[in-house]
Amino acid sequence: MNNFIKPQRIWIVGASQGIGLELVKIWLTQGHQVIASARKAEQSQALMQLQQRFGKQLHCLNVDVSDATDCALKAELAWSIFSGLDLWFYNVGAYQPMSTAEWDFSAFIQMNHSNYLGAVALMVPLQQRFAQQGHGRWIWNASLASYFGLPYGGGYSAPKAALVNLAQALQPELATHNIQLQIINHGFVRTRLTEKNEFSMPGLLEPEQAAAQIAQAVAKSRRFEIRFPWQLRIVLSALRWMPYAWSLTLTRKMLRT
Ligand SMILES: NC(=O)c1ccc[n+]([C@@H]2O[C@H](COP(=O)([O-])OP(=O)(O)OC[C@H]3O[C@@H](n4cnc5c(N)ncnc54)[C@H](OP(=O)(O)O)[C@@H]3O)[C@@H](O)[C@H]2O)c1
């Protein structure tokens, strides 16, 4: 059974813009208590305006997930703000498409921190707190890109695939502590991340639409994987299941000529 009808204490990391900011708006409107984090959450105009409207229901907290010491410190702080957490939502993401010839190692490191290691840096201090509390929910926003590596997108999708694999490994163990771990694999959303794409994006959603779908699924679904849209999922799942001789022949056609 879902208890999302009761006010929840939510920590969303990656909340200053895009999908995260829209989720904050929805959850505040629904009456939840929200801690909104990003590198400069406390300086964000959009979050400040929400704070004027929602007062103590919203707390802004700066955290840089590429800094493990900062993560440990802020996890403790976040835990203390509303005396515990019901939901930790990891939404940080970074995307830089690149070919092998133009591979930018520092951008790749940044994507690994944002898309994968940052979740681990926060999980380490949070795990004990949630276990002591005896209940809670973790939701990690991955991507449908985690299903199959596509040309020029590997720097983004490889750490997302690692995040999904890690979640699969952790889920049974966390469940024994009454901590429910879920992942979200969704498709294209118009944000600063996808601004970098030069191709047409099938099923592109506005951030408000994506956040509404996520919020609805978070409130209703207890499934391990929340996923949409189904059309893109089917295509990427097919790549995953067909023989490599076929899938790699298809993805070779995506190379720039
Ligand atoms: N857009 C899409 O098409 C799409 C598709 C599938 C999955 N996703 C996933 O959805 C999530 C949200 O994406 P979005 O498109 O809304 O991206 P976005 O607009 O760029 O938002 C990303 C958020 O993460 C924060 N952030 C980035 N680096 C950080 C760091 N080192 N420490 C703390 N916070 C950091 C950003 O704030 P600051 O930069 O101010 O720190 C921002 O609040 C990501 O996980 C993304 O991979 C997006």
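**Notes on the predicted model**

1. The axes of α1 and helix α2 (residues 45–54) come within 11 Å of each other and cross at roughly 5°. Because angles under 35 degrees count as roughly parallel, this crossing makes α1 roughly parallel to α2. On the α1 side the contact is formed by L21, V24, K25 and L28, which meet A46, L50 and F54 in α2. Sorted by class, the contact of α1 with α2 has 6 nonpolar residues, no polar residues and 1 charged residue.

2. The next pair to examine is α3 and α4, which pack at an angle of about 35° with their axes 8 Å apart, and whose crossing is right-handed. From α3 the contact takes A68, C71, A72, A75, E76 and W79, while α4 supplies A121, L122, P125, L126 and R129. By class, the contact of α3 with α4 has 9 nonpolar and 2 charged residues, and no polar ones.

3. Helix α4 (residues 105–133) also packs against helix α5 (residues 154–175), where the two axes come within 9 Å and cross at roughly 20°. That angle makes α4 roughly parallel to α5, and α4 passes α5 in a right-handed crossing. The residues of α4 that take part are A107, F108, M111, N112, N115, Y116 and A119, and they meet G155, Y156, P159, K160, A162 and L163 in α5. By class, the contact of α4 with α5 has 9 nonpolar, 3 polar and 1 charged residues.

4. Turning to the strands, the model has an open sheet of 7 strands with parallel pairing, and their order is β3-β2-β1-β4-β5-β6-β7. The edge strands are β3 (58–62) and β7 (225–228), each of which pairs on one side only. With direction ignored, neighbouring strands of this sheet are turned by 15° against each other on average.

5. Within that sheet, strand β1 (residues 9–13) and strand β4 (residues 87–90) pair in the parallel sense over 4 bridges.

6. Which residues come nearest to the ligand? Of the 28 residues around the ligand, those that come nearest are G14, G18, R39, G93 and T191. Helix α1 (residues 18–29) gives the most to this shell, with 3 residues, and α1 is also the helix that was described above as roughly parallel to α2. By class, the shell around the ligand has 10 nonpolar, 14 polar and 4 charged residues.

7. Two backbone details deserve a look in the viewer. The peptide bond from F228 to P229 is cis, with omega near -5°, and P229 has its place in the loop between β7 and α7 (230–241). Separately, S83 has a positive phi, near 55°, although S83 is a residue other than glycine; S83 is found in the loop between α3 (68–81) and β4.

Methods: Residues are numbered from 1 along each chain as its sequence is written. This is a predicted model: local features need pLDDT of at least 70, side-chain atom pairs count only at pLDDT 80 or more; totals for chains, interfaces and linings use all residues. A residue is near a molecule or strand if its C-beta atom, placed from the backbone, lies within 6 Å of it. Helices (H or I, at least four residues) and strands (E, at least two) are DSSP runs, numbered from the N terminus. Ala, Val, Leu, Ile, Met, Phe, Trp, Tyr, Cys and Pro count as nonpolar, Asp, Glu, Lys and Arg as charged, and the others, Gly among them, as polar. Axes are lines fitted to C-alpha atoms, for helices over the stretch in contact, and angles run from 0 to 180 degrees between N-to-C directions. Angles under 35 degrees count as roughly parallel, over 145 as roughly antiparallel, 65 to 115 as roughly perpendicular and the rest as oblique. A crossing is left-handed if the near helix is turned anticlockwise from the far one by less than a right angle, and right-handed if clockwise. Two residues are in contact if their C-beta atoms, placed from the backbone, lie within 7 Å. Two strands pair if DSSP finds at least two bridges between them.
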